[in-house]
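Hi there,

Here is the structure I promised to pass on to you. Please open it next to this email and follow along.

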Amino acid sequence: MAELRKKNLVNEQEMTVSGKSMGEMLAPINTGTQDNSVIRSIDDPVHIKGGLAVLKGNIAPDGAIVKQVAVADEMLKHSGPARVFHSEDEAYETIMAGKIQKGEVLVIRFEGPKGGPGMREMLSPTSALAGMGLDKEVALITDGRFSGATRGAAIGHVSPEAASGGAIAIIQDGDIIDIDIPGKTLNVQLDTQEIQKRLEQLPPFELKKKTGYLARYAANVSSADKGAVFQL
């Protein structure tokens, strides 16, 4: 705590509900840290960079999110063939059937705000991969989302999403995907002309829910990079 005060990260003049200032409340506290491996100093952080990284590239022009601190060193840069799934359930069943090959990049699409609808969490596939020891050999990208418990090269929130005609929708099995987390990039090895050609050939997306609140949500929701909020 003394270090936070020294580096002006705590406003000691700020009043608290006790009627005393923050400085007065902290004064009697023992500021000595007993174990610096548990509570690290500002000058000796667990990770030099933040926990999350934003990746951009021809798959995610508007960005994608990865919890970089949970990615094994050997997966920070990875290139591999795409294995495409149109839902979390389809991917999970394939993983559990043991049909995933080392080096592949699983692509789970149509799970974004509009495609889900609702952008459900992709915890099952990543948990299955980790449980099988594949999190250091297989990557996963999705327009769905992940929770804080996710580990491995799991890249979510790809924007624009597939249901909105994003480039993640045109990836085919076998396309080579390049992931460079330190370089903050996410690309498929296709030239601009091929990507545009495939985008033009995409069939119109049909909402999974035709009536009710979820149908209204899917019809009006913004992309993940905009907060997945209503566009009225």
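Predicted model: local features only at pLDDT ≥ 70, side-chain atom pairs only at ≥ 80, totals over all residues.

Residues are numbered from 1 along each chain as its sequence is written, and side-chain values use heavy atoms, leaving out hydrogens and water.

The sheet is open and has 8 strands in the order β1-β2-β6-β5-β4-β3-β7-β8, with mixed pairing. Strands (E, at least two residues) and helices (H or I, at least four) are DSSP runs, numbered from the N terminus, and two strands pair if DSSP finds at least two bridges between them. β1 (52–55) and β8 (185–188) stand at the edges with a single partner strand each, so one side of each has no neighbour in the sheet.

Now look at β3 (residues 77–85) and β7 (residues 176–180): they run antiparallel and are joined by 5 bridges. Lys77 stands opposite Asp180 in β7. Helix α3 (residues 88–96) packs on the sheet, where it touches β3 and β4 (105–108); contact means heavy atoms within 4.5 Å.

Finally, is Thr142 buried or exposed? This residue of strand β5 has 0% relative accessibility, so it counts as buried (under 20% relative accessible area; exposed is over 50%, partly exposed in between, with a 1.4 Å probe and protein chains only). Leaving aside residues up to four places away in sequence, Thr142 touches several residues, among them Ile108, Met122 and Ile155.

Happy exploring!

Definitions and conventions:
Axes fitted to C-alpha atoms, helices over the stretch in contact; angles between N-to-C directions.
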